[in-house]
Amino acid sequence: MTVLTEDGMAYQEISDAVWSKVEPLLVRFRRKKSGGSPPMDFRCLLNGMFYLLKTGCQWSQIPACYGSKSTIHEHFQKWVQAGVFAEIFRLQAEEYQALHGIEWEWQAMDGTLVQAPVRGQLLCLAEEGLGRNPTDRGRSGSKIHCHVDQSGIPLGVVLVGANVHDSRLVSPTVVADILPRPALTPDQSQHLCLDKGYDYARVEAQVKDQGYIPHIRRIGEEKMADGAKTQPARRWVVERTIAWMKGFRAIRTRYFCKAQNYLAMIQFACTLIIARKLVPT
């Protein structure tokens with residue numbers, strides 16, 4: 001939804017459908033005592049957070065129509081601590097499951113590296129999801145590891161340091177899924193597609209322990225000749241979902257010092273990705 005403000009600028013804001021998920025979660029944050037300045041409209045504050053997510057700007061650069069930077073940031077911190085963004089991610093996924101159904105048969109995982117020029121980068125604190133990026137001359141970085149269904153709907157994300165290998169993140173990402181997987185049956189198996197970075201015996205064993213049929217691209221596997229019979233490509237959907245995430249500039253480069261704040265923005269982005277899929281084209 002695009003809104004034209006008094007300063008003549010057009011800003012894209014969250015839809016009524018997304019707000020309907022968020023509003024009940026924010027009731028507990030309403031001011032209980034009277035007096036003082038009028039309380040800010042929560043939807044306006046959320047739109048300010050969405051502006052930051054979309055543009056990647058600093059808190060001080062959020063348009064004044066959404067409130068002061070201190071007010072928006074203060075409420076953002078409170079909502080992160082209460083798990084609001086993880087909850088709206090789950091609620092949006094549940095709505096998609098009810099209307100369209102999660103396609104559990106074929107799933108995929110992959111990770112992506114992001115630069116993280118934040119305070120404390122010299123220490124590369126693992127507890128804050130920071131680590132030395134081996135592809136960026138050892139500079140501070142983070143890794144987002146994502147699990148999606150057959151259509152690319154995000155099911156779970158984890159945030160770790162850039163120096164953590166993808167092959168170590170299969171089980172943690174499954175645990176982080178926001179929806180319970182359906183029970184396995186002989187007629188309804190579940191497949192997990194992974195690239196060459198997961199070509200280890202221990203990873204294959206983990207995938208099988210999780211109840212999946214593994215499909216791992218092998219290191220050194222030769223490309224099949226033209227005309228040879230192949231299976232439909234299924235791993236690309238997770239790469240597309242990661243590209244959708246990085247369409248939000250606050251995700252593309254990490255400027256959040258705290259891991260929980262950056263992860264909350266990732267969950268907010270996942271919520272909006274699913275919401276877009278619910279809009280008829």
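## Crossing of helix 4 and helix 9

Helix 4 and helix 9 cross with a left-handed sense. This is a predicted model. The two helices pack at an angle of about 20°. Their axes lie 8 Å apart. Angles under 35 degrees count as roughly parallel, so helix 4 and helix 9 are roughly parallel to each other.

## The contact between the two helices

On the helix 4 side, the contact residues are Phe85, Ala86, Ile88, Phe89, Gln92, Ala93, Glu95, Tyr96 and Leu99. On the helix 9 side, they are Ala264, Gln267, Phe268, Cys270, Thr271, Ile274, Ala275, Lys277 and Leu278. By class, this contact has 13 nonpolar, 3 polar and 2 charged residues.

An α-helix has 3.6 residues a turn, so residues three or four places apart point the same way. In helix 4, the residues that meet helix 9 include Phe85, Ile88, Gln92, Tyr96 and Leu99.

Helix 4 covers residues 84–99, 16 residues in total. At 1.5 Å a residue, helix 4 should span 22 Å. Its end C-alpha atoms are 23 Å apart, which agrees. Glycine 101 follows helix 4 and has a positive phi, near 90°.

Which residues of helix 4 are buried? They are Val84, Phe85, Ile88, Phe89, Gln92, Ala93 and Tyr96. The cover over these buried residues includes helix 1 (16–22), helix 2 (42–55) and helix 3 (69–81). Strand 6 (154–161) and helix 9 (259–278) also contribute to the cover.

## Alanine 275 in helix 9

Alanine 275 sits in helix 9 and is among the residues that meet helix 4. Is alanine 275 buried or exposed? Its relative accessibility is 13%. Buried means under 20%, so alanine 275 counts as buried.

Leaving aside residues up to four places away in sequence, alanine 275 touches Val18 and Gln92. Gln92 is one of the buried residues of helix 4. The C-alpha atoms of alanine 275 and tyrosine 96 are separated by 8.2 Å. Along the chain, these two residues are 179 residues apart.

## The chain as a whole

The chain has 9 helices and 8 strands. Of its 281 residues, 47% are buried. Among contacts with a separation of 6 or more, 67% are between residues 24 or more positions apart.

Key
Residues numbered from 1 in each chain as written. Predicted model: local features only at pLDDT ≥ 70, side-chain atom pairs only at ≥ 80, totals over all residues. Heavy atoms only, no water. Helix = DSSP H or I, 4+ residues; strand = E, 2+ residues; numbered from the N terminus. Expected span 1.5 Å × (residues − 1). Buried < 20%, exposed > 50% of the residue type's maximum accessible area, 1.4 Å probe, protein only. Contact = heavy atoms within 4.5 Å. Axes fitted to C-alpha atoms, helices over the stretch in contact; angles between N-to-C directions. Parallel < 35°, antiparallel > 145°, perpendicular 65-115°, else oblique. Left-handed = near helix turned anticlockwise from the far one by under 90°. Nonpolar A, V, L, I, M, F, W, Y, C, P; charged D, E, K, R; others polar.
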